[in-house]
Amino acid sequence: MIRYLMQRIIAFVPTLLGVSILIFSTIRLVPGDAIVAMLGTEAGMLTAVQRQSLEAYFGLDKPPVEQYIVWVGNALRGDLGLSVRHGQPVLNVILARYPVTLQLAVMAVTIALLIGLPIGVLSAVKHNSIIDLLGRLLALLGLAMPGFLLGTLIIFVLSVYFKILPNSGDYVSLAENPLRNLSQMIFPAFTLGFSFSASVMRTTRSAVLEVLAQDYVRTARSKGLVERIVIQRHALRNALIPIVTIVGVEIGYLLGGTVIIEEIFALPGIGRLLFNAISQRDYALVQGIALFIAFNFVVINLFADFIYTVIDPRISYAHDT
Amino acid sequence: MRKIVIVCLIALLTVLVGTVSAQESDNVLIMARAADTTGLDPHTQTAFASFRLLELIYEPLVNLDENLNVIPSLAESWAFADDGTSLTLNLRQGVTFHNGAAFTAEDVVATINRILDETTAAAARANYLSIASIDTPDDYTVVFNLSQPDTPLLAALATTNAAIVDSADVESGDVATVANGTGPFVLDSWTPEEVTMLTANPDWWGEGPNIDGIEIRIIPDETSILAALRAGTIDFALLNDPLVATLLIDDPTIVLNRAPSIGYHVFQLRAAAPPLDQLEVRQAISCAIDRQEVLDVASLGEGQVTAPLTMAAFTLPIEELFCYEKDLDRARELMAQAGMEAGFTLNVIAANAEPPTALSEAQNIQAQLAEINITVEIESLELSVYVDRWLAGDFEAAVAQNGGRPDPYTMYARYWQSTGNLNVVAGYSDATLDELMAAGRAETDPTARYEIFAEFQRYLAEQAPWIWLYVGYEYTAQQPYVTGFVPTPTDSILSLTRVELAR
């Protein structure tokens, strides 16, 4: 196990390096730089000297390769550079927003599991019944309805008919005011969780269906086990692997921030931060966030691998040679 | 058991949601807008979103009222010398910066020098190049000695880009971070893309502010701003998108303010790009476009068709301008004269959502120009990409929303003087335009100036390097209990100092 972990961690390095090179070059290949992003059309009024002094300010005066080497060198020492827009170290800016995104992701996945798992199992057990049909219909709705539509609908209904609004740009953290924070987070989390619950439901349904057809389920039933125990201990447990896989992938995505939901609900998370950083060509911040998201993704995947061994003892990462 | 759980959950949710509607009861105005300030240095900012914050913190020597007249600010009075070669300003006494330092002539000198210093990269530097030297006979008198008569200079000083900063901050190089102005509000905190907190400046020289402070929240989606207004969680909002703002027209619970903007929507032809180099082709395009239709389709009729100059003091009846009435026969005739009956393909760039109406404008123009066999290809670009190509003059035609200025010279010298910084964007210049611009700059008599610029507008419309379309509105919205706000064509929110809250 430890050896496996080490291997995975060593494999991180080229992944992250690849990501960093990709991001570093893409953001610079996009036309328009930080100066144009800040000044807009007024950038055309700058004299040559004015432009040079701005380039020096934004760190654009050195050749890209040199910029990259300096950046990687600093990043290895834990210094991701300074965000020009925020006037703060990139890592601080990211870490300040991270709890929002983390909380949103955890809540969304919890909601998705709360909706998706029971309906999925029920659909599989009552295969081809009216319950199955309704469950599948719900899943279809969840998959078909884009988050921005559901989010806007929720905001519209709440504000017009109930005169309440989950969040109007006055986000408070969980530590500051838990009640208020939860009231702000529950609707965006539901919006995200609802569409994700659809894939949880579908995966659960097909996985449980498959397991239910297995010999050992028939054996379990024939030895007289109650149906509830058969489903819980034998069917669901064995169906968990694909569910854990998609949950792992989804959390990875969610931790990268959900730009649209964060924009609609005005939540100061990583997604909005990245979106703004790109629009403003805040190079250091874009690179920092991308690296941070990649890092998250890799860690989550590793964690999912680890969960597999807990769910299914047959899976082992110990080297057998 | 299950029922109990469900009931508990619903109860919990009700409590949670209920807490949201608890409104803060103090005398702080809660304001929302979609875009945030891009920085705190008043001299280097150009985004409208930045001005809306910085104009509350900093003050220029003079300001503009809602009719774009120059009014006193840090200078109480002023006069040009008879020969126009100097401008003397008498400064307000007893004004202090937010850090307690007294405001004197020394700060004006330090500010102007900072703006003129190229390494500052000050945005409006080009407007002050006529200032050759500055004399300060005493602490409260400043004399700008000019290298040439420059009437537009006074109105050009009425901008946050020429806001007076503390000479000590200039010396220490801290202007970009301290937000130390003389204005009615003091900056407490700024969390980019989230929230800005301002408190009223008790020592401000003017009347007010009547509120204790302002909390500016960034809500990136304007539909969500609308929802927040309706839910009563914000008091005041800045809106950009006419499609969102007009949803409030029939809403009796929210007050929508509209002021005609001095910024204008324009279809820029680049006369340097063939076949647009032929006068007849440009004129044909001008005759083929029904400007009112573009306004109706793209902006729901929110605005009015405009001549090149958008400020009230210089407007011209549009009937006097070339082909402001759609005339397809004439357009086809002009195309034939240019040997272009068969038409051609015109590439048009449009920025994505900036302004929000850009794409609809381009599409309507596309439909209208199809009638004279011009095939319009629309290229929709991300804003910075668009700006990059626009500045390089790398396009055939563009839909744009350009900012206006209170003075016609300051507004257009950049485009229509052959030496203008943005002349490459305009892609057109000639001797007549150069002469008219130079005359308008030197002339001090208002009537004579009006005539010069009326001629300038008629000439521009006839040469048709650009097709001026319309001016929209600057929108703000507020709860009925917010009183005293005065909307202005420059979108300034400085009158928030006069606002009262009667919750």
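The radius of gyration is taken here over C-alpha atoms, and the globule rule is 2.2 Å times the number of residues to the power 0.38. With 503 residues, a compact globule would have a radius of gyration near 23 Å, and the 25 Å of chain B agrees with that. The model is a predicted one: local features need pLDDT of at least 70, side-chain atom pairs count only at pLDDT 80 or more, and totals for chains, interfaces and linings use all residues. Residues are numbered from 1 along each chain as its sequence is written, while chains are lettered from A and ligands numbered from 1 in the order in which they are written.

Chain B holds 17 helices and 21 strands (DSSP runs, H or I of at least four residues for helices and E of at least two for strands, numbered from the N terminus). Along the principal axes, its C-alpha atoms fill a box of roughly 80 × 80 × 35 Å. Of the 503 residues in chain B, 51% are buried (20 or more other C-beta atoms within 10 Å of the residue's own; 12 or fewer is exposed, in between is partly exposed, with C-beta atoms placed from the backbone).

In chain A, the axes of helix H1 (residues 2-29) and helix H13 (residues 283-311) come within 9 Å and cross at roughly 150 degrees. Axes are lines fitted to C-alpha atoms, for helices over the stretch in contact, and angles run from 0 to 180 degrees between N-to-C directions. H1(A) and H13(A) are therefore roughly antiparallel (over 145 degrees; under 35 is roughly parallel, 65 to 115 roughly perpendicular, the rest oblique).

Between the chains, 44 residues of chain A are in contact with 43 residues of chain B (C-beta atoms, placed from the backbone, within 7 Å). Helices of chain A that each supply at least two residues to this side include H3 (48-58), H7 (147-161) and H8 (178-212).

Most residues other than glycine have a negative phi, and most peptide bonds are trans.

| Feature | Residues | Angle |
|---|---|---|
| cis peptide bond | B:Gly208 and B:Pro209 | omega about -5 degrees |
| cis peptide bond | B:Pro274 and B:Pro275 | omega about 0 degrees |
| positive phi | A:Asn128 | phi about 65 degrees |
| positive phi | B:Asn373 | phi near 65 degrees |

B:Pro209 lies in the loop between strands E9 (195-200) and E10 (213-218) of chain B. A:Asn128 sits between helices H5 (90-125) and H6 (130-144) of chain A, in the loop, and counts as exposed with 8 C-beta neighbours inside 10 Å. B:Asn373 is partly exposed, with 14 other C-beta atoms within 10 Å.

Notes. Contact = placed C-beta atoms within 7 Å.
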